[in-house]
Amino acid sequence: MPASVYLLSKDVERPSDVQLVDELDVLLGRACDGDRRALFAIAVAFGPRLVAEAREELPEHEERAADAVVEFVNAIGSGSLLYTRGKRAAVPWMVRMVRRLARRRRTT
């Protein structure tokens with residue numbers, strides 16, 4: 001059952017943290033496989049956090065932080081960034097990739 005359904009029903013037990021992490025793992029994998037809805041969900045849900053992470057890498061070029069996140073989303077959408085499913089590490093992977101892309105923007 002998708003996480004959004006849990007939010008709408010008081011009679012259904014809330015998912016555990018492990019279930020949510022597993023669902024995010026699947027969602028990110030689908031985004032990397034070209035599922036545009038999954039990619040949009042990732043961008044909406046994690047965009048603000050990823051921009052904040054990129055800003056930490058670009059303290060003197062904060063205007064470039066959002067560009068790093070856009071590059072990250074585009075790289076997933078184009079298939080040039082691939083996530084290995086099953087590691088339960090979707091958030092750390094996204095943060096690592098965005099920070100790497102942001103660091104490249106320091107010199108460009």
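Here is a walk through this structure, from its overall layout down to a few single residues. Keep in mind that the model is predicted.

If you take the contacts with a separation of 6 or more, 62% come from residues 24 or more positions apart.

In soluble globular proteins, nonpolar side chains tend to be buried together. Here the largest nonpolar core has 28 residues, and the ones with the most contacts inside it are L28, L50, F72, I76, L81, W93 and M94. Helices α2, α3, α4 and α5 each give two or more residues to this core. Which of the elements gives the most? That would be α5, with eight residues.

Helix α5 covers residues 90–105. Its 16 residues should span 22 Å at 1.5 Å a residue, and the C-alpha atoms at its ends are 23 Å apart, so the two values agree. Its buried residues are A90, W93, M94, V95, M97, V98, R99, L101 and A102. And what covers them? The cover includes α2, α3 (36–57) and α4 (65–78).

Helix α2 takes in residues 17–32, and its axis comes within 9 Å of the axis of α5, with the two crossing at roughly 45°. Because of that angle, α2 counts as oblique to α5. On the α2 side, the contact is made by L24, D25, L28 and C32, while α5 brings A90, V91, W93 and M94. Sorted by class, this contact has seven nonpolar residues, one charged residue and no polar ones.

W93 has come up a few times by now. This residue is found in helix α5, and its relative accessible area is 8%; buried means under 20%, so W93 is buried. What does W93 touch, leaving aside its neighbours within four places in sequence? The list is L28, C32, F72, I76, L81, L82 and Y83. As for Y83, it sits 10 residues from W93 in sequence, with 7.8 Å between the two C-alpha atoms.

F72, one of the contacts of W93, has a list of its own. Not counting residues up to four places away in sequence, F72 touches L50, L81, W93, M94, M97, V98 and L101.

Leaving aside neighbours within four places in sequence, G77 is in contact with R36 and L39. D35 is 42 residues away from G77 along the chain, yet the C-alpha atoms of the two are separated by 8.0 Å.

Notes
Residues are numbered from 1 along each chain as its sequence is written. This is a predicted model: local features need pLDDT of at least 70, side-chain atom pairs count only at pLDDT 80 or more; totals for chains, interfaces and linings use all residues. Side-chain values use heavy atoms; hydrogens and water are left out. Axes are lines fitted to C-alpha atoms, for helices over the stretch in contact, and angles run from 0 to 180 degrees between N-to-C directions. Helices (H or I, at least four residues) and strands (E, at least two) are DSSP runs, numbered from the N terminus. Angles under 35 degrees count as roughly parallel, over 145 as roughly antiparallel, 65 to 115 as roughly perpendicular and the rest as oblique. Contact means heavy atoms within 4.5 Å. Ala, Val, Leu, Ile, Met, Phe, Trp, Tyr, Cys and Pro count as nonpolar, Asp, Glu, Lys and Arg as charged, and the others, Gly among them, as polar. The expected span of a helix is 1.5 Å times one less than its number of residues. Buried means under 20% relative accessible area, exposed over 50%, partly exposed in between (1.4 Å probe, protein chains only). A nonpolar core is a set of buried Ala, Val, Leu, Ile, Met, Phe, Trp, Tyr and Cys residues joined through side-chain atoms within 4.5 Å.
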